[in-house]
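Here are some notes for a colleague who is meeting this structure for the first time. Please keep the sequence and the model open while reading the points below.

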Amino acid sequence: MRKYLNLEELIMNKQTKVWLVLSIALSLLALGSACGGAKAPDTNVATSDASATAYSGPTGTINGVISFNGTPPAAKKIDTTADPVCGQKNPNLATDDTIVKDGKLANVFVYVKEGSVEGGKKIGEYAWTTPTSEVQLDQNGCHYAPHVLGLMVNQKLKVTNSDATTHNVHPTPKLNAEWNQSQSAGQGPIEKAFARPEVLIPVKCNQHPWMKAYIGVMKHPLFSVSSADGAFEIKGVPPGTYTVVAWKEGGAAEKTMQVTVPANGNAKADFAFGEAATSSVKSSLQMMPAIEFPMIGKH
Ligand SMILES: [Cu+2]
């Protein structure tokens, strides 16, 4: 009898141990996912650097042209039968992820990622005033315009509906608060802002799955979007040396470049996307001296 009890105790102990291990593992998992999925409240984010000072002094410009080498993918006609209003207003609606004209690429978001002001601090350590002007995102012909836009943290985004149908604006950020809001025909603008820097936030429409836009939210105003002729210009850059990034929609690797901006002058930053650009980058890498290599991985 005593022996049997011991055996039972032994089984109990084993079960207890298994349960203990399991429950610890489960709590750790829960803790891990809670941390990974949790978003800190969006308050006070932009004011966290209240002690930072604004840059005052001469500035320069970063400008350039974005090329697309090779044959761009052909635009595909969009089937809008799901909403007759869209087809009536915009019968030739087509995909616009790669808009190329004469070898120049539109809708590339170009921005100063990091770097140091000459004789000063890192660019991210300065305070920047949020513009009081709003940035408009219009829905016209069941199409977002502009397709790619930039604004500063806490700057007002004004979403308008120029269509005789209902849209559902739905940004899907990773760092900012997600929201989606229905906007019927004739309804007034939706006004929102993003509290954290994030490059870039995809915007979709829950009514029309083909509608896409991208919003770059920056802590500073040193960004631009290439226009139809591929040109971009970033004004008001304090003299210094910076990493400039060019981002294109569609999963292509972003391009980076080091530029040195002189006071009252300008620095060129021409970028190229497309297949031919990839191979030319590869061959030029092989010719580079080894000492240059650490800079390549530096994003
Ligand atoms: Cu829509």
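Which residues are the protein donors of the copper ion?

1. The copper site. The copper ion has as its protein donors His167 (ND1), Cys205 (SG), His208 (ND1) and Met211 (SD), which lie 2.0 to 2.6 Å from it; donors here are N, O and S atoms within 2.8 Å of the metal (3.2 Å for Na, K and Ca), and since water is not among the atoms, sites may look incomplete. Along the chain these donors follow the spacing H-x37-C-x2-H-x2-M. Histidine 167 belongs to strand S9 (residues 167-171), while histidine 208 sits in the loop between strand S12 (198-205) and strand S13 (212-218), so that the pair links distant parts of the chain, 41 residues apart.

2. Basis of the model. This is a predicted model, in which local features need pLDDT of at least 70 and side-chain atom pairs count only at pLDDT 80 or more, whereas totals for chains, interfaces and linings use all residues. Residues are numbered from 1 along each chain as its sequence is written, and side-chain values use heavy atoms, with hydrogens and water left out.

3. Why is the arrangement irregular? The four donor atoms around the copper ion subtend angles of 97 to 135°, and this makes the arrangement irregular; four donors count as tetrahedral if all angles lie between 85 and 135 degrees, four count as square planar and six as octahedral if opposite donors are over 155 degrees apart and all others between 65 and 115, and anything else is irregular. Histidine 167 and histidine 208 are both buried, and cysteine 205 is buried as well, with a relative accessible area of 4% (buried means under 20% relative accessible area, exposed over 50%, and partly exposed in between, with a 1.4 Å probe and protein chains only).

4. The five-stranded sheet. An open sheet of five strands has the order S7-S13-S12-S9-S10, with mixed pairing; strands (E, at least two residues) and helices (H or I, at least four) are DSSP runs numbered from the N terminus, and two strands pair if DSSP finds at least two bridges between them. Its edge strands are S7 (148-152) and S10 (181-183), each of which pairs on one side only.

5. Pairing around S12. S9 and S12 run antiparallel and are joined by three bridges, with proline 171 opposite valine 203 and histidine 170 having lysine 204 as its bridge partner. S12 and S13 also run antiparallel, joined by five bridges, with isoleucine 201 opposite isoleucine 215, and these two strands form a hairpin with six residues between them.

6. The disulfide. The structure holds one disulfide, formed by cysteine 86 and cysteine 142, whose sulfur atoms are 1.9 Å apart (a disulfide is a pair of cysteine sulfur atoms within 2.5 Å). The torsion about the S-S bond is about -75°, so the disulfide is left-handed. Cysteine 86 lies in helix H2 (residues 84-89) and cysteine 142 in the loop between strand S5 (135-139) and strand S6 (144-145), so the pair ties together parts that are 56 residues apart in sequence. Both cysteine 86 and cysteine 142 are buried.

7. The four-stranded sheet. A further open sheet, of four strands, has the order S14-S4-S16-S17 with antiparallel pairing. Strands S14 (223-225) and S17 (255-261) stand at the edges, each with a single partner strand, so one side of each is left without a neighbour in the sheet. Three bridges join S4 (residues 109-117) to S14, and valine 110 stands opposite serine 224 in S14.

8. Backbone points to check. A cis peptide bond joins alanine 145 and proline 146, with omega about 0°, and proline 146 is in the loop between S6 and S7. Another cis peptide bond joins valine 199 and leucine 200, with omega about -15°, and leucine 200 is placed in strand S12. Aspartate 102, although not a glycine, has a positive phi of about 50° and is exposed, with a relative accessible area of 72%. Asparagine 107, also a residue other than glycine, has a positive phi near 65°, but asparagine 107 counts as buried at 18% relative accessibility.
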